Amino acid sequence: MKAVFITGFGRCGSTLMDRILGQLPEFTSLGELRDLFDAQGFSAHWCACGQAVLECELWAPVLADTLKALGIDEGEAIRRRAAESRQRHIPRLWWELHSKRRKSAGPNPYGDLLVTLYESVVRHSGTEGVIDSSKFVSDVLILARDPRIELHVIHLVRDPRGAAYSWSRTKEDPGKQGDAMQRFTPFMSSVYWSALNTEVELCLRRFVGSRYQRIRYEDFAEAPQEVLATAVQSWGGRREDLPFVGPNEVRLDTTTHTV
């Protein structure tokens with residue numbers, strides 16, 4: 001099963017890229033999947049189809065099947081993310097991934113949750129793979145050690161000035177109706193931009209190898225068809241399947257199930 005993971009510092013254009021790639025017939029677009037497992041619980045989240053996640057025609061059965069397959073409840077799923085995928089865990093996860101003894105480390109509980117959920121999405125959607133734009137480096141380090149998926153990583157980098165401007169704006173969180181998204185000062189967004197993009201370069205590029213691609217947001221915005229065609233062809237896809245109706249125009253399905 002193929003899994004394409006989009007990483008980078010937030011407000012980098014990952015949602016737009018996720019939506020476009022999610023139109024490929026072999027993929028289902030998930031959005032920022034890891035948000036489902038935050039401390040607020042499943043009931044706090046909404047799907048892009050307009051339904052609460054627990055009432056969505058895709059997510060309701062997918063979540064139920066995933067929890068049943070693992071023999072856990074919602075609380076344990078949330079605990080797994082908090083216990084395994086945090087910024088402070090990156091050194092340990094990197095060591096486990098690169099160590100010669102990594103095979104003896106055993107499966108990661110949060111990684112098992114993610115891959116089991118991916119498999120459930122594939123079964124219910126009838127596709128062959130998923131697009132996950134969660135962005136967190138820790139998630140990628142965990143997924144990269146699981147042999148059940150063929151992981152491809154897109155490192156999307158936006159000019160830090162554009163990112164800083166976007167993070168300074170007040171914006172509603174579409175996944176949690178009525179809540180505002182977090183804001184950063186230009187100084188803090190610059191610190192986080194530098195740290196996260198450095199982490200991706202140092203922790204992921206060497207291990208993922210040819211399945212790693214770094215894409216500048218500005219190149220994507222200027223020539224989206226060509227940039228995404230190159231990305232798709234790198235994992236064996238067909239550029240003809242991209243939903244472009246012109247060099248800079250796409251036609252997207254009106255109903256999607258991104259988180």
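Five strands make up an open sheet, arranged in the order β2-β3-β1-β4-β5, and their pairing is parallel; two strands are said to pair if DSSP finds at least two bridges between them. Helices (H or I, at least four residues) and strands (E, at least two) are DSSP runs, numbered from the N terminus. At the edges of the sheet stand β2 (27-31) and β5 (212-216), each with a single partner strand, so one side of each is left without a neighbour in the sheet. Neighbouring strands of this sheet are turned against each other by 20 degrees on average, direction ignored. In general, the strands of a sheet pair through backbone hydrogen bonds, either parallel or antiparallel.

The model is a predicted one, in which local features need pLDDT of at least 70 and side-chain atom pairs count only at pLDDT 80 or more, while totals for chains, interfaces and linings use all residues. Residues are numbered from 1 along each chain as its sequence is written, and side-chain values use heavy atoms, with hydrogens and water left out.

H155 has R214 in β5 as its bridge partner.

The helices come next. Two packed helices are described by the angle between their axes and the distance between the axes. Here the axes are lines fitted to C-alpha atoms, for helices over the stretch in contact, and angles run from 0 to 180 degrees between N-to-C directions.

Helix α4 (residues 90-98) packs with helix α8 (residues 186-203) at an angle of about 15 degrees, their axes being 12 Å apart. That makes α4 roughly parallel to α8, given that angles under 35 degrees count as roughly parallel, over 145 as roughly antiparallel, 65 to 115 as roughly perpendicular and the rest as oblique. I90, W94 and H98 in α4 meet E199, L202 and C203 in α8, where contact means heavy atoms within 4.5 Å. The residues of this contact divide into four nonpolar, one polar and one charged.

Helix α2 (residues 59-70) and helix α5 (residues 109-125) have axes that come within 9 Å and cross at roughly 135 degrees, and the two helices are therefore oblique to each other. Among the residues of α2 in this contact are W59, V62 and L70, and those of α5 include L113, L117 and V121. The residues of the contact of α2 with α5 divide into nine nonpolar, four polar and three charged.

Helix α5 also packs with α3, their axes coming within 8 Å and crossing at roughly 130 degrees; α3 and α5 are therefore oblique to each other. A77, R80, R81 and E84 in α3 meet P109, Y110, D112 and L113 in α5, and the residues of this contact divide into four nonpolar, no polar and four charged.

Being three residues apart in helix α3 (residues 74-84), E76 and R79 are separated by about one helical turn.

Definitions and conventions. Nonpolar A, V, L, I, M, F, W, Y, C, P; charged D, E, K, R; others polar.
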